[in-house]
Amino acid sequence: MIINEIKGGVRTSVVALGLLALLLPACQQENRALDETEYQTPTTTVPAPGREPITMTPDQPMTAMPGQQMAGTTENISSNPENFIGQTVTVRGDVKEIDTSSDTFLMDDDRFLTGEGILVINSSGEVFAIPNADEMRVQVTGEVRQFLLVDINTAYGLDLDPQLYSEYENQPAIVAESLALSPTPEQVSENPDLFYNRPIAIEGQFNELLAPNAFSFNNDEILVINADELEILPENEDLVVTGEVRPFDLAALQSEYNLNWDAELQQRMQDQYSNRLVLVADGIYPTP
């Protein structure tokens with residue numbers, strides 16, 4: 001804004017003052033409008049190795065802003081398939097229905113009340129057994145594709161019944177290359193035998209960094225061995241840790257993962273975690 005000044009004096013033109021009085025409220029109103037409509041800059045999460053990054057903002061809307069990628073949830077994929085077809089996503093959710101062949105299951109998320117679900121096709125080549133399916137969440141990583149029964153059967157050597165799968169024709173589906181159980185820490189603690197020697201994904205809170213390669217997780221219920229010293233973002237206390245559960249065996253852990261803990265730390269671990277579970281991590285990333 002230009003305010004006319006007369007050289008050699010301090011007099012300001014009356015016209016300029018009038019314009020200033022008119023324009024200031026308009027500027028303030030415009031700034032308020034911008035404040036009401038702007039959204040936070042999208043941030044990219046740090047995914048586990050082999051996973052695509054997911055760009056998202058807090059309070060993710062149902063439809064993405066221009067240049068912003070929607071969060072991969074069963075609800076968003078079912079409702080907005082055009083945003084995900086051809087993309088690799090990692091999704092956690094509940095098992096809604098399971099096929100007796102274990103080749104497919106229907107997955108949804110009880111946090112949303114839409115009743116939407118998405119078909120998951122197991123292309124890993126391994127049987128994916130789901131204990132207590134009514135109560136167990138799972139995590140899958142794979143490509144979102146339009147479900148065409150003939151193409152799916154041919155591409156993956158399956159024999160899916162056309163009568164059973166007719167309702168999913170042309171609907172989005174996830175062709176999962178990686179599947180893992182996603183129990184709560186409490187489920188793992190109560191029934192550890194269900195999860196030994198199986199890949200799992202646990203969502204919980206980061207508690208304390210005990211060493212560069214170890215931290216406590218979810219109220220100290222689980223000791224996480226971060227042998228590869230994967231990055232942990234300090235501003236993200238809520239994490240998903242993927243890996244394998246095993247009993248606490250200090251000598252075996254020291255030997256297998258070259259932890260190099262000194263005597264004091266070894267004693268602390270022995271005292272604090274000898275009756276707890278250990279999760280050997282292969283991926284650590286913030287909760288989407």
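Trainee: What covers the buried residues of helix 6?
Mentor: The cover includes strand 10 (222-225), strand 11 (238-247), helix 7 (263-273) and strand 12 (277-286). Helices (H or I, at least four residues) and strands (E, at least two) are DSSP runs, numbered from the N terminus. Contact means heavy atoms within 4.5 Å.

Trainee: Which residues of helix 6 are buried?
Mentor: Helix 6 spans residues 250-257, and its buried residues are L250, A252, L253 and Q254. Buried means under 20% relative accessible area, exposed is over 50%, and partly exposed is in between (1.4 Å probe, protein chains only).

Trainee: What follows helix 6?
Mentor: N258 does. Its phi is positive, near 50°.

Trainee: Before we go on, what should I know about the model?
Mentor: It is predicted: local features need pLDDT of at least 70, side-chain atom pairs count only at pLDDT 80 or more, and totals for chains, interfaces and linings use all residues. Residues are numbered from 1 along each chain as its sequence is written, and side-chain values use heavy atoms, with hydrogens and water left out.

Trainee: New topic. How many salt bridges does the structure hold?
Mentor: Four. A salt bridge here is a side-chain nitrogen of Lys or Arg within 4 Å of a carboxyl oxygen of Asp or Glu.

Trainee: Which residue does E256 pair with?
Mentor: R246. Their side chains meet in a salt bridge, 3.0 Å from N to O. R246 lies in strand 11 and E256 in helix 6, so the pair ties together parts that are 10 residues apart in sequence.

Trainee: Is R246 buried or exposed?
Mentor: R246 is buried, at 18% relative accessible area. E256 is partly exposed, at 45%.

Trainee: What about R268, which residue is its partner?
Mentor: E208, with the closest N and O atoms 3.1 Å apart. This pair links distant parts of the chain: R268 is in helix 7 and E208 in strand 8, 60 residues apart. R268 is partly exposed at 32%, and E208 is partly exposed at 33%.

Trainee: And which residue forms a salt bridge with R92?
Mentor: E203 does, and the closest N and O atoms are 2.9 Å apart. E203 sits in strand 8 (residues 199-211) and R92 in strand 3 (residues 88-98), so to speak distant parts of the chain, 111 residues apart.

Trainee: How accessible is R92?
Mentor: R92 has 13% relative accessibility and counts as buried. E203 is partly exposed, at 35%.
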